[in-house]
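Hi everyone, thanks for making time for this. Could you bring up the sequence and the structure so that we can walk through them together?

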Amino acid sequence: MDGTKDVDMTQFLPGPGMERPYRDALGTFATGVTIVTAAAPDGPVAITVNSFASVSLSPALVLWSIDLGSDRCPLFRNATHSAIHVLGREQALLARHFAKNGRDFNGQDWSLSDMGVPLLAGCPARLECELVADHPGGDHRILVNQVLRVTRAPGEPLLFAGGAFGQVAPLV
Ligand SMILES: Cc1cc2nc3c(=O)[nH]c(=O)nc-3n(C[C@H](O)[C@H](O)[C@H](O)COP(=O)(O)O)c2cc1C
């Protein structure tokens, strides 16, 4: 049974001209949302990221990927340390803000860590990291980080699915 008799089913090969339906298909995979920060030579830099994933528990390794076409790509590849902030459900505007502009920290509640990494306040989880590997991944780079320190605070996660932000709605 290959499911081809499903009336509502569509099928396509990813490639030129199919970018939109391919992105839509990937958008059915709901994720959390993070903001990754680092110290660039000329000040703090941030980027909104949902490609975050845990890789290994021991050692504590996580990954995220960055678009080679982003101006911020060289800044994060050159930064030895960073902080990955898992966003809470009331932080969708912050996610939008750092998706648009990675250099504008005006009005944000932030400080520098002992490693010189910009830390945002008020996130349910924050992972202070050291970059340990930088792998090729098509039009992205896959940055693998060792987690050096974890900070927790109360809060429900912010979700991203189908191009929209949302929150967890428990099933019954
Ligand atoms: C919810 C969300 C998730 C995103 N995830 C990623 C990601 O994992 N990797 C990435 O490179 N960009 C991601 N982006 C895009 C960046 O946040 C940012 O918009 C993009 O780098 C802008 O291009 P620029 O850096 O050239 O200004 C995401 C944006 C949003 C809104």
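This is a predicted model: local features need pLDDT of at least 70, side-chain atom pairs count only at pLDDT 80 or more; totals for chains, interfaces and linings use all residues.

As a reminder, nonpolar side chains in soluble globular proteins tend to be buried together.

Stepping back for a moment, the chain has three helices and 12 strands. Its C-alpha atoms fill a box of roughly 60 × 40 × 35 Å along the principal axes. Of the 172 residues, 23% are buried. If you take the contacts between residues at least 6 apart in sequence, 64% join residues at least 24 apart.

Now please find helix 3, residues 92-100. Which of its residues are buried? They are Leu94, Ala95 and Phe98. These three sit on the same side of helix 3, because they cover an arc of only 100 degrees around the axis. The general rule is that an α-helix has 3.6 residues a turn, so residues three or four places apart point the same way.

What does the buried side of helix 3 pack against? Its partners are strand 2 (34-40), strand 3 (43-49), strand 11 (158-161) and strand 12 (164-167).

Strands 11 and 12 deserve a look of their own. They belong to an open, antiparallel sheet of three strands in the order 1-11-12. Strand 1 (31-32) and strand 12 are the edges with a single partner strand each, so one side of each has no neighbour in the sheet. Strand 11 and strand 12 are joined by four bridges, and Ala161 stands opposite Ala164 in strand 12.

Last stop, the ligand. It is surrounded by 17 residues, and the closest are Thr48, Ser51, Asp67, Ser70 and Ala99. Strand 3, strand 5 and helix 3 each supply at least two residues of this shell, with the largest share, four residues, coming from strand 5. By type, the shell has eight nonpolar, six polar and three charged residues.

Notes
Residues are numbered from 1 along each chain as its sequence is written. A residue is buried if 20 or more other C-beta atoms lie within 10 Å of its own, exposed if 12 or fewer, and partly exposed in between; C-beta atoms are placed from the backbone. The arc is that of the directions from the helix axis to the C-beta atoms. Two residues are in contact if their C-beta atoms, placed from the backbone, lie within 7 Å. Two strands pair if DSSP finds at least two bridges between them. A residue is near a molecule or strand if its C-beta atom, placed from the backbone, lies within 6 Å of it. Ala, Val, Leu, Ile, Met, Phe, Trp, Tyr, Cys and Pro count as nonpolar, Asp, Glu, Lys and Arg as charged, and the others, Gly among them, as polar.
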